[in-house]
Amino acid sequence: MGMPLRSSGKPITTMSLSSGTTQGKPKYVPWNDELFETTMQIYQTSFAFRNREFPIKNGKALSFIYSSKQFKTKGGLAAGTATTNVYRNAQYKRTMKALQSQCCSPDEVIFGPDFHQSLYCHLLCGLIFREEVQLVSSTFAHSIVHAFRTFEQVWEELCTDIREGVLSSRVTAPSIRMAMSKLLKPNPELANLIVKKCMGLSNWYGLIPELFPNTKYIHGIMTGSMEPYLKKLRHYAGELPLVTAEYGSSEGWIAANVNPKLPPESATYAVLPHIGYFEFIPLTELEQTNFLCVDPQPVGLTEVKVGEEYEIVVTNPAGLYRYRLGDVVKVMGFHNSTPELKFVRRSSLLLTINIDKNTEKDLQLAVEAAAKLVAGDKLEVVDYTSHVDVSTDPGHYVIFWEINGEASEELLGECCNCLDKSFVDAGYVSSRKVNWIGPLELRVVRGGTFQKILDHFLGLGAAVSQYKTPRCVGPTHGKVLQILNENVVKSYLSTAFN
């Protein structure tokens, strides 16, 4: 089940680039007008369900969206990230206006040449239009958390810009400076108000509703690899609801969130049957062959069974034919006659040395368990990733952590043991007991390391809007492993199985 291109109804106008964070380099995926139309359809469908629960009046959205440049492939087609192909279409703006979700930043900020400058100006535009902001959104939850972590660093500078009506010298792009000069007017009253709001917060809890008092909800993709950021997002959001966005990928859309009131951890997505042809490979069949099943027998959309897990197969209007998406979903029920799916995990195993099998979710649960130990010291794990080190004999798991402060040696040693014990997969536990797998290693990296990894992927042409921290750094991620190892400040070996 590869990806042969079939002739589709409308010509392939552009290639979309996936984020590239899974395999270390982006995939090229066909894109055409029909795929754009299905994108707008799914946005409209999800908005209708969302707006029924959380109605928004003619306001603005503080959208942390970024677009990278398009370029030409060797064959002469335009290529850009999937999000860029959406944002660059004139119809996108009209649709967002109709959905009362117009971005409060000018186009020059969204299409700016430098992500850090664009982010600074998104925050500034949000503050200028603070009364009008009705929702805060981004493609992924990670970008919203990153934006408000940045706000903690730059809020005084933002207030100076508002007070004086002059944009900070950190923004050098002429196109952005020109656009922002039309919005910025000296407003000491607003600057003083924001200072007062920020000074009144305890550890930035409830920052979003404090800054943007008319916000109804926070919106973005919050499931799968975004779940680890929810704790911090809830901290910033205070009592505001988190609403997870549509379910899709660079390869195309699949399903809409028709139960927006559910917390992201329980979210289910209803498949939109008209936007593609979907088939489902029962997981039991795949697991018996370690996902290398040569001739799997998929079932159709109406033949899936509630409670069962499947890998999704997509045929779409842009020419993907029986393409295995690599996502495992569980059927939770039906919305009328279309299945409601819960995202379970990526089908590929992350951590495996011999008979052990640990997925992204297993890693997340282990990190969450160990992170509770540092939470007592008011510390948090900013981000994390993993690596299988087989240069030692026996091989062992390596977990990289970035923490927002100093933790004691003793505490980090406990965290390392906790991580090791939290992988409960039978193959891992039995291998550890007989030393077929060596002690887990926790490597703590200095602050800003994961920002350097983000910058590395941006340099390769990835879009911030699509960026996902790679949860496992494998052989294809040589440069990422180098960045991590160059920034290690402390490392610990587990004594959990001694």
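**Helix faces and salt bridges**

On α7, the face turned away from the buried side carries two exposed residues, P174 and M178. The model is predicted. The buried residues of α7, which spans residues 174-181, are I176, A179 and M180. These three cover an arc of only 95° around the axis, which puts them on the same side of α7.

Even so, α6 bends by about 70° at V154. G165 follows the helix, and the phi of G165 is positive, near 75°.

The side chains of E157 and R170 meet at 2.8 Å, N to O. E157 sits in helix α6, while R170 sits in the loop between α6 and α7; the two are 13 residues apart. How accessible is E157? Its relative accessibility is 27%, so E157 counts as partly exposed. R170 is partly exposed too, with a relative accessible area of 40%.

Now turn to the salt bridges elsewhere. The structure holds 18 of them. In one, the side chains of R50 and E246 meet at 3.8 Å, N to O. R50 belongs to helix α1 (residues 33-53), and E246 to the loop between β9 (242-244) and β10 (247-249), so this pair ties together parts that are 196 residues apart in sequence. E246, at 5% relative accessibility, counts as buried.

Another bridge joins the side chains of E227 and K361, at 2.8 Å, N to O. E227 lies in the loop between β8 (217-221) and α10 (230-237). K361 lies in helix α12 (residues 360-375), so the pair ties together parts that are 134 residues apart in sequence. Here the partners fall into two classes of accessibility. E227 counts as buried at 15% relative accessibility. K361, at 28%, counts as partly exposed.

Salt bridges also form a network, which links R149, K232 and E380.

The last stop is the surface. Which residues make a nonpolar patch there? I355, V434 and W436 do, and the patch covers about 320 Å². W436 lies in the loop between α14 (426-433) and β20 (441-445).

Notes
Residues are numbered from 1 along each chain as its sequence is written. This is a predicted model: local features need pLDDT of at least 70, side-chain atom pairs count only at pLDDT 80 or more; totals for chains, interfaces and linings use all residues. Side-chain values use heavy atoms; hydrogens and water are left out. The bend at a residue is the angle between axes fitted to the seven residues ending there and the seven starting there. Helices (H or I, at least four residues) and strands (E, at least two) are DSSP runs, numbered from the N terminus. Patches are made of residues with over 30% relative accessible area and no salt bridge: like charges are joined within 9 Å, nonpolar side chains (Val, Leu, Ile, Met, Phe, Trp, Tyr) within 5 Å. Accessible areas come from the Shrake-Rupley method with a 1.4 Å probe; for residues, only the protein chains shown count as cover. A salt bridge is a side-chain nitrogen of Lys or Arg within 4 Å of a carboxyl oxygen of Asp or Glu. Buried means under 20% relative accessible area, exposed over 50%, partly exposed in between (1.4 Å probe, protein chains only). The arc is that of the directions from the helix axis to the C-beta atoms.
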